[in-house]
Amino acid sequence: MSTGIGNARREADTELATGPLPSITSPVRPLPDGSPWGILGTTAVVVGGGTLLLGHGVGLAVTLTAVVYAAAMYGVARVVEGPRKAMDRLVTILVTAAFLVALAPLVSVVATVVANGVARFDVEFFTYSMRGVVGAGGGAYHAVLGTLIITAIAAVLSIPVGLLTAVYLVEYGRGKLGRAITFFVDVMTGVPSIVAGLFAFALFALFFGPGVRMGFMGSVALCVLMIPVVVRSTEELLKIVPNELREAAYALGVPKWRTITKVVIPTSVAGIASGVTLAIARVVGETAPLLIAVGITTGVNLNPFDGRMATLPVFSYYSYVAPGVPREPFLDRAWTAALVLIILVMALNLLARLVARAFAPKTN
Amino acid sequence: MKNQRHVARARAAAVGVAAGVLLAGCGAANESVPAGGAAPSAGGTALSGTISGAGASSQQAAMQAWIAGFTGSNPDATVNYDPAGSGAGRTQFLSGGVAFAGSDAYLKVDELTEAQRRCGGDVVEVPAYVSPIAVVYNLQGVTDLQLSPATVAGIFLGKITEWNAPEIAADNPGKTLPDQAVIPVHRSDDSGTTQNFTDYLNKAAPDIWTAKATGTWPVQGGEAAQGTSGVIGAVQGGNGTVGYADESQAGSLGKALIKVGDAYTGPTAEAAANVLAESTRVEGRGDSSFAFDLNRTTTAAGTYPIVLVSYQIACSKYPDAAQAALVKGFLTYTTSADGQQAAAKAAGSAPLSDELRTQITPAVTGITAGA
Amino acid sequence: MTSTTDAATGRPTARPVLQVGDRVFVNLTRGAGVLLLVVLAGVAVFLIAEAVPALIAPSDELPGGLTLIAYIAPLVFGTILSAAIALVVATPLGVGVALFISHYAPLRIAQPLAYLVDLLAAVPSIVYGLWGAAVLGPASVGLATWLNEWFGWLPFFAGPVSATGRTMLVAGLVLAVMILPIITAVSREVFRQTPKLHEEAALALGATRWEMIRMAVLPFGRSGVISGAMLGLGRALGETMAVAIVLSVSGGVTLNLISSGNPSTIAANIALQFPESSGLAVNTLIASGLVLFVITLLVNAAARAIVNRRREFSGAN
């Protein structure tokens, strides 16, 4: 082990991911390499094809194929390779099936949004606002900027607070304060988003009067929703950083705060980035709180501290809920706004991964 | 573990990207040029400033047209409208949060006193958006479905469960109706549309529909969907479905003709606008308040009694002169012939009759500045 | 250099040197925690203050003329039912997906796959609502009819089958899809951190891949999975727009999952009723939000209790 964990890990990874299992696990002769595919193909043709021929839907055919394939593989492997290998193969099939099942709604949702949203995915959509636009035409330039500004402010406020809180909970907070924070974070994960908006509004109305609407208020509402997600996911990842790493750092005389910032956080940075992205994704598509806190306007407003701003979810929501006559241009705009929102989060996700990679420890 | 320590020095330079916000000098392509197409505002001189309103989402589509028309002739003015809902709009108006409100119902008595306190005087309350509510249905092979009030009530109560039930057949002599289940679809959200629809059922078929008018659907059963779009979607998605929704959004769905007096009338704009002429103005609310109790049981030919009347609510005077001028200008435009036509075109609403407009114009043009 | 035995023998760790930096850092993190506490406590105080008028008002002034309990009880039922469906469907699926990405998929494509699943989190909830009502709902009618035919004797599938498919079952499935990326992301990251030594030890002893996962990965990741599931549950309980659009809420308390008469959920009900509400009706809605708080709290407390019982597996104990 002392020859370097990095190498050992790598080997283990490739081994786990692709290679056949160590031969000692299979005292009996293993199935030939291609046989799972062969069985799958046969099942698909016989069961799936048969179901389709009998006039049933594709969904049923695929489901039946999967079930029969799993049963067949288990049976064959059990006879040829023994029960343990058979179980292993069954779980492999189940896990793979879980992944494919998870992909199905993704494909369906994305296909729906793209099919409906592509109609207005044009230059005008990204350069025009809705000021002076009646019926067809217009765009969501103002809403794209509004969403970027409001979400950026929310992220800038939430991520440091969330990260530091998680660090406190994992590394320091053992006392009453830690328990209180944990308690409230737990409760807050279930705040209905609209309540966060009401809270932000009530807070700002205290200082600025009931007519107040500003982008910053929306950011605050989003923070309420975002911070718990950041804390919970970060906390979980910091917790599983092996104590050996911390102890090794302490043993070298590294102060605790540097241990945390230089060892603990970098070790889990990929996961933290993933959690942060989830948190952003959670709030960037939020409609209800922005409805209350930020409202909607037809023109561009770049000042988050003054007046209403348009945001993509609200823009999309109102286009869908209150279309004019004819409906189509409104619905098209609603779908395109949703498409833009998804692309936006994808880009953020990618960015988070790059950032994570830059900070992550090099394994070799 | 040596590796971990080397990491400390391995810094990535690419992080700053995250902070890069690309907001330098960007206005939307359409915002420098005023969008034309609207008549000049009442006074002739262009207004400037910003006012905000909030309220009924039913007015949203019309409001977009009004705002576009108004700011077209007053390029320096900005009007915002949050279609947050009538209740929210009234609440915000009462608290002084918005300059004007849109509401599917006129102010309640206690709200009116509060509004008068907020305004320091009379409240301006004018119908601005009138829209027929169609009974829409999706039933293959059946066109021009005719329904009497009692039948509509029976259907939405869940008492009439088959399309070939004797009640429906009696309303549609000579038509072949399918032997199919009736699936009534109603709004799941609190709405002015439901309020008006249940008010109609309660007044026009009091024996069958005993529940009072309410914004939330009062009976259990049937299918529920959110918003006009949701109801239309559910009616389109099912077979044998029937619902109620803003006529302009009905699209290709069938629209039932409703029995008024002895004739069956369809949900047209004119027939809807005629209802206001048949209705009585609520007294004792001040000269500038035009609240109507709609006459649902009218027997006059050519009227369609299932209508939604949405009001615009403002103060008769504002402390700020610029605000007063803007509200006055905007409301004058929305209730003008041009404004009503613009709304009819963009939202499919029924323009107010000239007679009614002559009555309410003084209330709107009387908005002044002063404490 | 490092191994598990070192940690065991080095148990009484020497306290690290206390520096100025340390003190600053402690206070920084504590400050963040306190700030968070203030904000969240603010939300709680706001909710309670707004809910009180509804709590003390006579029942005939509340919406529908019902007592507060009669008004909220069906909503609580609907909330728990929909979230339970979501959790029951999404947790095993999420763990499966996470395992697939962390231990089954070839290393080269694991990252892109993870990215794909994260995409599910990127879809705004209103889109899930529209998708559920327009795509998943109609597609579910066949399944619902089948369930009703064969399992109609179960209260869940008693029917009558909804013609549009906008049922509790579909709402639960939509929620499941929405929380799947949350459960997957957290589980995946935790699984990935499983000490390689444990995995290798299991494999070296002749375990199959599944046995290795069962013995090394799952026990290690249990706390993370539960945490991810709780985050997901929180989202499912509080989800507003998607449920409001998908679910046909025209009934009272019923276990029937495939008909069009369903109880609403607390969050969806707030979204549906709030815009047109004023006065006491708003207080009532906020009181229902407060109830949602309590539910979330109880669920999380239960989860914490489970996690803490298994604390020996977590790294930083």
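In the predicted model, 99 residues of chain A are in contact with 96 residues of chain C, two residues being in contact if their C-beta atoms, placed from the backbone, lie within 7 Å. Helix H4 (residues 83-117) of chain A supplies the largest share of the side that touches chain C, namely 20 residues. Helices (H or I, at least four residues) and strands (E, at least two) are DSSP runs, numbered from the N terminus. By class, the side of chain A that touches chain C has 61 nonpolar, 25 polar and 13 charged residues. Here Ala, Val, Leu, Ile, Met, Phe, Trp, Tyr, Cys and Pro count as nonpolar, Asp, Glu, Lys and Arg as charged, and the others, Gly among them, as polar.

Residues are numbered from 1 along each chain as its sequence is written, while chains are lettered from A and ligands numbered from 1 in the order in which they are written. As the model is predicted, local features need pLDDT of at least 70 and side-chain atom pairs count only at pLDDT 80 or more, whereas totals for chains, interfaces and linings use all residues.

Helix H4 of chain A also contains Val101(A). This residue is partly exposed, because 16 other C-beta atoms lie within 10 Å; a residue is buried with 20 or more such atoms, exposed with 12 or fewer, and partly exposed in between, C-beta atoms being placed from the backbone. The C-alpha atoms of Val101(A) and Thr63(A) are separated by 10.0 Å, with the two residues 38 residues apart along the chain.

In chain B, 14 residues of domain 1 are in contact with 10 residues of domain 2.
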